Amino acid sequence: MDDIIVVEDLRKVYGSDILAVDGISFTVKRGEIFGFLGPNGAGKSTTIKILTTLLSKTSGTAKIDGLDVDADQAAVRGIIGYASQEVGVDDDLTARENLVIQGRLYHMGKEAATKRANELLQTVKLTEAADRRLSTFSGGMRKRLDLASALVSDPKVLFLDEPTTGLDPQSRIDIWEYVTRLNRQGMTIFLTTQYMEEADRLANRLCIVDQGKIVAEGTPAELKSKIG
C-alpha cells in the first residue's frame, strides 16, 4: 500500500514566535483512516489547514498523491474534500440547494449536480429533509450535510477536522458509521480528534500530537499497550 500523504519536517510559525507546528513528519497510506489525536492547541487544525491549502507553511514539505500543497494548490483542491470544525453550509437554503450549489462550484452541469446531491442526501439519510431550510436542522443534521458537501467532488482524500465535537451520542455514532462506510469504498480519510474513543473506533493508525510535536505514533492497539 503506497503513501498518499507525505509530510516531512513541517513547521508553522505565527508572527515571530508562536510555533504551532514544530517539525513534524508522517505518512498516510492510500485507503486508510489516519487519526491525528491531541488536545486543543496541539497543532491539529493548523496541520489540516496546511494540507488542504488553506494556510501556507513556514517550512518543510507536504505532498498529497504526489502533488505539492504549495506549488500545486489547484490540483490538490481537485482531489480532496474538507469538512472543518465550523459547519460551512448556508442556513437560508435547503439541504438539496446547498449540495447542488457545491456541485456547480466544481463545474458540474445542473443535472449532474442535482443527481450527485440526491445520492449524497441518501448516503447521509437526509432525503426526507432535503427540501427543508437549514435553519430548521438540528446540529447533527447540519454536521451530516456538511460531511455530504465535502463529498460532492468524490475526493481521493477526505479531511475531517474534529467531525463529532459538540454532537450528541447518537449523532456521533451516525458520523462514525458514514466515515467507516466511505473508507470501505476505498476513500483515504485524515481525521483530527480530541477523543481517544473516536480514534480507537475509526483509525487504522494514528499520531498523538502535543504542543506542535508528534509524541507517539502507531495503531490504536499499540498505543494503548504503550501508554494506556
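Modeller: A nonpolar core is a set of buried Ala, Val, Leu, Ile, Met, Phe, Trp, Tyr and Cys residues joined through side-chain atoms within 4.5 Å. Buried means under 20% relative accessible area, exposed over 50%, partly exposed in between (1.4 Å probe, protein chains only).

Colleague: Which residues touch the most other members of the largest nonpolar core?

Modeller: Leu99, Leu145, Leu158, Leu160 and Ile189 do, in a core of 35 residues. Helix 3 (95-105), helix 4 (110-123), helix 5 (139-150), strand 7 (157-161), helix 6 (169-184) and strand 8 (188-193) each supply at least two of its residues. Helices (H or I, at least four residues) and strands (E, at least two) are DSSP runs, numbered from the N terminus.

Colleague: What kind of model is this?

Modeller: It is a predicted model, where local features need pLDDT of at least 70 and side-chain atom pairs count only at pLDDT 80 or more, while totals for chains, interfaces and linings use all residues. Residues are numbered from 1 along each chain as its sequence is written, and side-chain values use heavy atoms, without hydrogens or water.

Colleague: Why is strand 8 called largely enclosed?

Modeller: 6 of its 6 residues are buried, so the rest of the structure largely encloses strand 8.

Colleague: Which residues cover the two faces of strand 8?

Modeller: Thr188, Phe190 and Thr192 lie on one side, and Ile189, Leu191 and Thr193 on the other. All of these are buried.

Colleague: What makes strand 3 and strand 8 a pair?

Modeller: Two strands pair if DSSP finds at least two bridges between them. Strand 3 (residues 33-37) and strand 8 are joined by 5 bridges and run parallel. Gly35 stands opposite Leu191 there. Strand 7 also meets the rule, with 5 bridges to strand 8, again parallel. In that pairing, Phe159 stands opposite Phe190.

Colleague: What makes Glu32 and Arg205 a salt bridge?

Modeller: The rule asks for a side-chain nitrogen of Lys or Arg within 4 Å of a carboxyl oxygen of Asp or Glu. For Glu32 and Arg205, the N to O value is 2.7 Å. The pair links distant parts of the chain, 173 residues apart. Glu32 sits in the loop between strand 2 (18-29) and strand 3, and Arg205 in strand 9 (residues 205-210).

Colleague: Why does Glu32 count as buried?

Modeller: Its relative accessibility is 5%, so Glu32 counts as buried. Arg205, at 17%, is buried too.

Colleague: What does Arg205 form with Glu217?

Modeller: A salt bridge, with the closest N and O atoms 3.6 Å apart. Arg205 lies in strand 9 and Glu217 in strand 10 (residues 213-218), so the pair ties together parts 12 residues apart in sequence. Glu217 has a relative accessible area of 33%, so it is partly exposed.

Colleague: Where do Lys44 and Glu162 lie?

Modeller: Their side chains meet in a salt bridge at 3.3 Å, N to O. Lys44 is in helix 1 (residues 44-51) and Glu162 in the loop between strand 7 and helix 6, so the pair ties together parts 118 residues apart in sequence. Both Lys44 and Glu162 are buried.

Colleague: How many salt bridges does the structure hold?

Modeller: It holds 14.
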